[in-house]
Amino acid sequence: MNEFSSLREMSAGLDRGDFSSVELTQAHLDRIQQANAALNCFITINADSALAAAAQADDQRARGSKSPTLGLPFAHKDIFCTQGVLTTAGSKMLSNFVAPYDATVVSNMAAAGMVSVGKTNMDEFAMGSSNENSFFGPVSNPWDHERVPGGSSGGSAAAVAAGLVAGATGTDTGGSIRQPAALCGITGLKPTYGRVSRYGMIAFASSLDQAGPMTRDAEDAALMFSVMAGFDPKDSTSAERRDAWLDATIANGIAALDRPLTIGLPSEYFSDNSNLSYIDIAKTELQRLGHKLVEVSLPHTQAAVPVYYVLASAEASTNLSRYDGVRFGHRCNDPQSLQDLYERSREEGFGEEVKRRILTGTYTLSVGYFDAYYLKAQKIRRLISEDFQQAFTKVDVLLAPTSPTPAFKKNQLTDDHVAMYQQDLYTVPTSLAGLPAISLPCGFCDGLPMGMQLIAPAFGEELLLQLAAQYQGQTDWHLRRPGDSA
Amino acid sequence: MNWEAVIGLEIHVQLATKSKIFSGASTAYGASPNAQACNIDLGLPGVLPVLNEKAVEMAVRFGLAIGAQINRYSIFDRKNYFYADLPKGYQISQFETPVVGEGTITITPENGKPRRVGITRAHLEEDAGKSVHDLYPGMTAVDLNRTGTPLLEIVSEPDMRTAQEASAYFRQIHTLVRYIGICDGNLAEGSMRCDANVSVRPTGQSEFGERTEIKNINSFRFVEQAIEYEVARQIDVLESGGRIERETRLYDPDKDETRSMRSKELSNDYRYFPDPDLLPLSISEELIERIRSDLPELPDARQERYTSTLGLTDSDATAISNDIDRANYFDACLAAGADPKQSANWMMGELSAYLNKHDVTLSETPIAPELLAQLIARIDDDTLSSKTAKTLFDALWTAGASGNVDALIESLNLAQLSDDGALTQIIDDLIAANPKQFDELRGGKDKMLGFFVGQVMKATQGKANPQQVNQIIRDKL
């Protein structure tokens, strides 16, 4: 076993008795201790509770439990409420917030015997594409410490890429799992909206937020996803289904893909990019695996980024109203009145990007602007969904780049908000349509990892994972490590 | 100039669910501050609302009771504003699509004729918490126990023209919501509160005048007083050449006046939009039919049945039908075989007096309707006289649930003496003992009949059947 062993490999090692979960967890904690200072992936490291959970897992294994996930270390994005643990969402506003309850994702992972070693860094309230909007400082990309890991799940992506953990949870509102996965050279799955419970996941934009796994390969993504997913009566938008293949996947891994697929290439995603040679290689590899590639059109793609920023900001502006300094979180010193308490607590507690989106969202929901912005954006959102439905009458999955650029330098885009928002160009349409998509490493640009995105119809995660696993069985992009010569 | 008032009410009815509208916390009244505010009520990061279906069923129940359209598809919106007792910074309500559409209700103002009042809509929403300003000097205390309590906001048409009509409407809604079991109707605990929209216009003018809204009135009397004050105030302003400002006012019952709270210029833009945490509310035809079949007979229908079919007076029928407990008690008496008019007389007479005297409600009465029905049956079969029936009633009240009508008649020796032979014997003895008086009676002095009946009553300790005694004496003549 080494720091780049997969969850499945560790699971086999635990099963054989090569090492205990306590030893495995301690090895993770040591590695984090050694590497985190340079990367800043973690906001909180929970050594004591992790070792206690690991000891409990060892105990259960000794008593005959065979669960493949029992005793596997991983990390949670610091957006999931974790009982008794600091839960910050990357914000000064919650820099003192110890959650009094567990998110459903947290309790699902714990019930499967998985061991959380800590909480990973992120853009404040998941708003950002570079992890530079964190109150706890930026995260470095393990491939080049001068560069960003992407965002908002930048801490999770960097931790997995650097071998601090084999898997971490992420959340994706407009690309926050997929874009950092691509920029860090790992695998990230954004599930269908409603597949994973949002209960206890600090809300950014409720109609878009979705949690998913970030791992080094599709097999581990499938394992973590199967544990995270499931109907939750505490989340009214959670889908009332538990597909049989999820449990089969935990037990036996991803079922082999048994047929050639028709893969659609949306022309709008390939029109404006100079460095797409890595995608051309991926296309060739997919064809060699027997799949058919056809061009399709998603005509409303251009509108997706503005529509996304109108809707996500509108929802965020009211989701973040509860941070008022009254009951929890940051509170200004010596408030003079209720108004003063609100104004200074929020002024001091929120970072600039969060304030920008609250203001944008407040504006688009205001009387006189609601129809022109919010309602119109909702209508276009429907058209974007219909584009995908139309395309899926002809193809099984879609293939597209995950991000327009490789990892960029820190501070490079911080003053150019529009350029920063364009990072989401290829990821927001699927978010708006609520569809599942997986990003997996497929090549390099200037020595930096690049990702491709596979998109499926709603609840088609199995097909995505099967295709990704097949691809990763024939290629080694996902096995490249920072420090290797590219 | 003659003026006419135009009044519409928005009534907030607290629904009698066990748990809150979007969380599992209890709605019971009177817990220590913040003891009934769970993570969801506190608006903690990450929590989500889940709709309480019982609240929806109660809203539908109300809609069916006022003959309203039930919207098969409705949406929960966020109403955004900041306040210390509003934990999320928004209230979940229904803005564009309420669950209940247009309906009507009939009101009967005191000294007025019954009339119909239109109901524009009724929608579900969550209550806010409570800010307490006078508990700690210089500070405001916040109690979030009430946060998330389900409310049905019932909005009337501007159909009322007097403060008395507005008060009658408020009472009628109060009667109805208790009737259909969706609210405990406890005004003192805030279970019903209302806002009154008031304007005035010259009599005969069809356009409405500018209106003001009086907030948070919590008694029938205050509704009437607040509107009366406000109508007079508006007329004063207009007659002295002034203009009515659209504004929110508060009624101060101590001073009996309304005061300006905030003007429209300062009013919030609530930025309503559909709450993305909740799916649109979809109500099936089956649910509507199930609730319809489960509705009790409503006050109007009972009133009609009591007067036309059973022949009660209007005032008895109204008094009984307007209160679900009374109406159910009355119907239970009938079901036990009692005569309707006698049941009404006993309920409105003796029973009502005893309830008042002992300060208990009808639901706590020791005399079950079946017992009252048996008592009435013993009057009908001449076992009891009206006098001994009252004695029995008193005994039943004391005996409570263990009371047995026939056993008490026996043990208290209350049965009327209706034995012809025995009565004839007594009368014969009396005639023999009072020949002079009997001669006078025979001579046509009818007053003497009373003398003989009185003597018989005396001899029988009041138990002789008076009609029978009369008859026997007349036969002797």
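Domain bounds, as used here, come from an automatic or database domain assignment. On that basis, chain B is divided into domain 1 (3–287), domain 2 (297–411) and domain 3 (420–476). The model is a predicted one, in which local features need pLDDT of at least 70 and side-chain atom pairs count only at pLDDT 80 or more, while totals for chains, interfaces and linings use all residues. Residues are numbered from 1 along each chain as its sequence is written, and chains are lettered from A and ligands numbered from 1 in the order in which they are written.

Between the centres of domain 1 and domain 3 of chain B, taken over C-alpha atoms, lie 69 Å.

Turning to the interior, 39% of the 477 residues of chain B count as buried. A residue is buried if 20 or more other C-beta atoms lie within 10 Å of its own, exposed if 12 or fewer, and partly exposed in between, with C-beta atoms placed from the backbone. Two residues are in contact if their C-beta atoms, placed from the backbone, lie within 7 Å. Among contacts in chain B between residues at least 6 apart in sequence, 68% join residues at least 24 apart.

Chain B has 15 helices and 15 strands; helices (H or I, at least four residues) and strands (E, at least two) are DSSP runs, numbered from the N terminus. One open sheet of chain B holds 3 strands in the order β4-β3-β14, with antiparallel pairing. Its edge strands, β4 (90–93) and β14 (273–274), each pair on one side only. Two strands pair if DSSP finds at least two bridges between them, and 2 bridges join β3 (residues 77–80) to β14 in chain B. Here B:Asp77 stands opposite B:Pro274 in β14(B).

The two chains also meet. Their contact takes 25 residues from chain B and 36 residues from chain A. On the side of chain B that touches chain A, 15 residues are nonpolar, 5 polar and 5 charged. For this division, Ala, Val, Leu, Ile, Met, Phe, Trp, Tyr, Cys and Pro count as nonpolar, Asp, Glu, Lys and Arg as charged, and the others, Gly among them, as polar.
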